[in-house]
Every structure is written in C-alpha cells, then in structure tokens.
Amino acid sequence: MKLRLIVLLSVALGLVSGAFLYSLLSEKRHQKELVAARAQGRADAEKAMADELAALKPVVLKKVANAESKPDGVHFAYEYVKPKNPELEPFYQLAHDGDLLHHLPEIQAIDGLLMLPRPIKFVMAECREPNAFYTPERSEVVMCYETLKVLRDRGQQLAQEQELGDDYAQRYLAANLRFILLHETGHALIDMLDIPITGREEDAVDQLATTLMQRFAGLNESSRQTADNLRMASNWFLVRSTGAYNLDAYADEHALGEQRYFNLQCLIYGSNPARYVGIVTDGDLPEARAKTCPAEARRVSKAWLRLLIPHVAPKYEMTEEKANRLFEQRERERNRNAEVPYVR
Ligand SMILES: [Zn+2]
C-alpha cells in the first residue's frame with residue numbers, strides 16, 4: 001500500500017516537474033513567437049501605411065488657359081537622410097522606400113503652386129530627439145524619425161487601450177505626420193513670403209495646417225476621414241500635456257496643448273456644424289465656444305486664402321471666388337469617391 005503510494009507520488013511528481021519543464025520551454029517558445037508576431041505586426045502595419053498613402057489620389061490643381069506659356073511656381077525638394085541609430089532604420093525604410101513625402105496629398109497639392117524666393121526642402125532625418133522644425137537659414141522643413149517612432153508607439157497604445165482596430169496606429173501616424181509637416185510648412189511660408197500675421201504665429205500655422213488638410217486631402221478621402229485625421233492630430237496635443245503647468249508653459253510661444261486641442265475641434269465643427277454636431281454632443285467642445293466656431297472657421301480659411309492668393313504662380317492664377325468654387329467642387333468629388341454606400 002505504502003509502496004503504491006510512493007510510486008504514485010513519484011509518478012505524480014514526475015508529471016508535475018515534467019509539466020513545469022514543459023511550461024518553461026513552451027513559455028520561452030511562446031515569448032519567441034510573441035516577439036516574432038510583434039515584429040510581423042509592425043512590418044505589416046508599416047507596409048499598410050505605405051500602401052494606404054500610396055493609394056491616395058493626389059490633388060492636381062487645374063491650370064489656367066494657355067498655362068504652358070505661364071510660369072510655374074517653385075517646386076519643393078525632398079530628402080531622406082539615412083539614420084545612424086539602428087532603431088530608427090525601420091522608419092527610414094518606411095519613409096525612403098515608400099517615398100512618403102511624395103505621397104502626402106496636401107504637400108503635393110501646394111508643390112509648385114507658389115512663387116517662393118527659393119525651394120522649401122523637406123528632410124526626414126535622425127535628430128537625437130523627437131522633433132519637427134523649420135530652419136530659415138537652410139529653408140528646410142525637418143521631420144525627425146524619432147517623431148515617427150513616438151507617433152507610431154502612441155497610435156499602438158491608443159489602439160490597444162480603446163480597441164480601435166489594426167489599422168489605427170498607422171492612420172494615427174499618417175494623420176499626425178501630415179498635420180505636423182503642414183504646420184512647419186506654415187512657418188516656412190510666413191518666413192519666405194513675408195506673410196503678415198497678427199497674433200501668435202504658432203496659432204496661425206495650426207490654422208493653416210487645418211485649412212490645407214480640409215481643402216487638399218486626397219481625392220478619395222471623404223470629409224469625415226479628413227475630420228478623423230484632424231481629430232487624431234488634436235489628440236496628439238493632449239498627449240504631450242500633463243495639465244500641470246508652470247510659468248514656462250504659460251509664457252511659451254505655443255498655446256497650451258488643451259487650447260490647441262479645442263481650437264482644432266472648433267475649426268472641424270465650424271467647417272460643417274450639421275455634420276460634426278457629435279463633437280459638441282460628445283462633450284469634446286463646450287457649447288459656449290461652439291457657437292462662434294462656424295464664423296471662426298470661415299474667417300480662418302478666408303484669411304489664409306487671401307494671404308496666399310497673391311503668391312500663386314501665374315500658371316494657376318485664380319480669384320478668391322474661383323478658388324472657393326474649386327474647393328467646393330473638390331469636396332463633392334472627394335465625398336463621391338470615398339463614401340460608396342456599398343461594398344466594392
Ligand atoms: Zn510651430
């Protein structure tokens with residue numbers, strides 16, 4: 001009886017330790033699989049983003065009559081600098097191999113449109129910190145690979161926390177990339193064209209970035225997709241805010257993250273209050289502010305249009321009325337292309 005018990009016990013112990021060893025091994029294998037799956041997921045997401053941007057039909061502006069004989073605007077230059085930090089290599093590949101900058105609809109829409117004193121050069125590079133900036137001395141708009149990484153990570157975190165779907169992270173990255181580059185382009189235009197700005201330049205270029213995204217989104221992006229992209233850009237303002245401000249923050253040339261967030265909600269809602277009433281009913285924009293947003297949105301887009309029209313190249317020359325007609329026509333076309341009420 002005793003012997004049987006010992007045998008039984010030792011068999012059981014053997015089974016348990018075997019299972020333990022097995023679980024250790026399989027845990028290791030599982031970890032390996034997880035790492036591989038994550039790498040694969042990342043690669044898939046990056047490819048999906050490159051595909052998504054490549055599929056965007058860029059905006060082509062109509063030329064005026066006898067356009068061929070008239071001068072074109074000054075075209076932009078583009079460069080992808082290879083990073084030294086191996087961690088940033090995937091972002092270099094994403095940008096370089098997919099020629100990302102040539103697939104951003106708003107940048108492409110204004111490339112060659114304006115009479116600039118010299119080309120703006122868009123550079124993607126390693127900066128040793130997440131950043132994006134315009135350098136007047138070099139006429140360069142620089143986007144750091146570190147920023148792409150931070151945006152991708154933030155997109156993945158949001159997607160996971162709120163179960164927003166597999167493609168959310170890459171949409172978040174693309175939307176913020178577009179907004180940030182347009183914001184910096186705004187600084188470049190103000191400097192190069194000596195555009196008069198009253199109020200804070202940082203607010204003015206947020207407004208320009210918003211207007212350009214609303215007017216020059218890809219031809220197969222609906223107004224709603226544009227609004228979604230802008231809302232992802234506004235989310236980024238909140239992410240960097242701790243809410244605990246010191247004097248430096250109050251004195252900064254940028255408005256507080258929360259203020260930039262609400263300014264952007266206001267311009268989205270104001271562009272079409274009926275369509276975006278949800279922004280107010282969901283509590284993302286207080287009613288007291290919302291009331292003035294339609295007028296604010298009209299004023300912002302009109303102001304930027306008036307500021308830029310004198311610099312449009314003769315090839316595309318247009319009046320304010322003609323530009324507005326063109327924008328309306330383009331919005332109809334975009335919504336027709338994008339909002340197919342059936343599966344195709
Ligand atoms: Zn700025």
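These entries go from the whole model down to single residues.

**Entry 1: confidence.** I checked first what kind of model this is, and it is a predicted one. The mean pLDDT of the protein is 86. I noted that 84% of the residues reach 70 or more. Over residues 5–9, pLDDT stays under 50. For residues 5–9 the model has 0 contacts beyond four places in sequence.

**Entry 2: the whole protein.** I looked up the helices and strands. The protein has 13 helices and 4 strands. It has 344 residues, and 31% of them are buried. Next I took the contacts between residues at least 6 apart in sequence. Of these contacts, 66% join residues at least 24 apart.

Entry 3: In what order do the strands of the open sheet lie? I read the order as 1-2-4-3, and the pairing is mixed. The edge strands are strand 1 (77–80) and strand 3, since each pairs on one side only. I also looked up the turn between neighbouring strands. On average they are turned by 15° against each other, direction ignored.

Entry 4: I then followed strand 3 (residues 132–135) and strand 4 (residues 140–144). They pair in the antiparallel sense over 4 bridges. Which residue of strand 4 is the bridge partner of F133? I found V142. Y134 stands opposite V141 in strand 4. A reminder to myself: in a regular strand the side chains alternate between the two faces of the sheet. Strand 3 and strand 4 form a hairpin, with 4 residues between them. In the turn, S139 has a positive phi of about 55°.

**Entry 5: a helix on the sheet.** I looked at what covers these strands. Helix 4 (residues 145–162) packs on the sheet. Helix 4 touches strand 2 (121–125), strand 3 and strand 4. The direction of helix 4 makes about 45° with that of strand 4.

**Entry 6: two helices.** I turned to helix 9 (residues 257–271) and helix 12 (residues 293–308). They pack at an angle of about 95°, and their axes are 7 Å apart. Angles of 65 to 115 degrees count as roughly perpendicular, so helix 9 and helix 12 are roughly perpendicular to each other. Which residues make the contact? From helix 9 I listed C266, L267, Y269, G270 and S271. From helix 12 I listed C293, P294, E296, A297 and V300. The residues of this contact divide into 7 nonpolar, 2 polar and 1 charged.

Entry 7: Most residues other than glycine have a negative phi. I therefore looked for exceptions to this. D99 is one of them, with a positive phi near 45°. D99 is found in the loop between helix 2 (89–97) and helix 3 (105–110). D194 is not a glycine either, and has a positive phi of about 55°. D194 lies in the loop between helix 5 (168–192) and helix 6 (201–215).

**Entry 8: exposure of D99 and D194.** Why does D99 count as partly exposed? Because D99 has 13 C-beta neighbours inside 10 Å. D194 has 9 C-beta neighbours inside 10 Å, so D194 counts as exposed. The cut-off I used for exposed is 12 or fewer.

Technical notes: Residues are numbered from 1 along each chain as its sequence is written. This is a predicted model: local features need pLDDT of at least 70, side-chain atom pairs count only at pLDDT 80 or more; totals for chains, interfaces and linings use all residues. pLDDT is the predictor's confidence in each residue, from 0 to 100. Two residues are in contact if their C-beta atoms, placed from the backbone, lie within 7 Å. Two strands pair if DSSP finds at least two bridges between them. Axes are lines fitted to C-alpha atoms, for helices over the stretch in contact, and angles run from 0 to 180 degrees between N-to-C directions. Angles under 35 degrees count as roughly parallel, over 145 as roughly antiparallel, 65 to 115 as roughly perpendicular and the rest as oblique. Ala, Val, Leu, Ile, Met, Phe, Trp, Tyr, Cys and Pro count as nonpolar, Asp, Glu, Lys and Arg as charged, and the others, Gly among them, as polar. A residue is buried if 20 or more other C-beta atoms lie within 10 Å of its own, exposed if 12 or fewer, and partly exposed in between; C-beta atoms are placed from the backbone.
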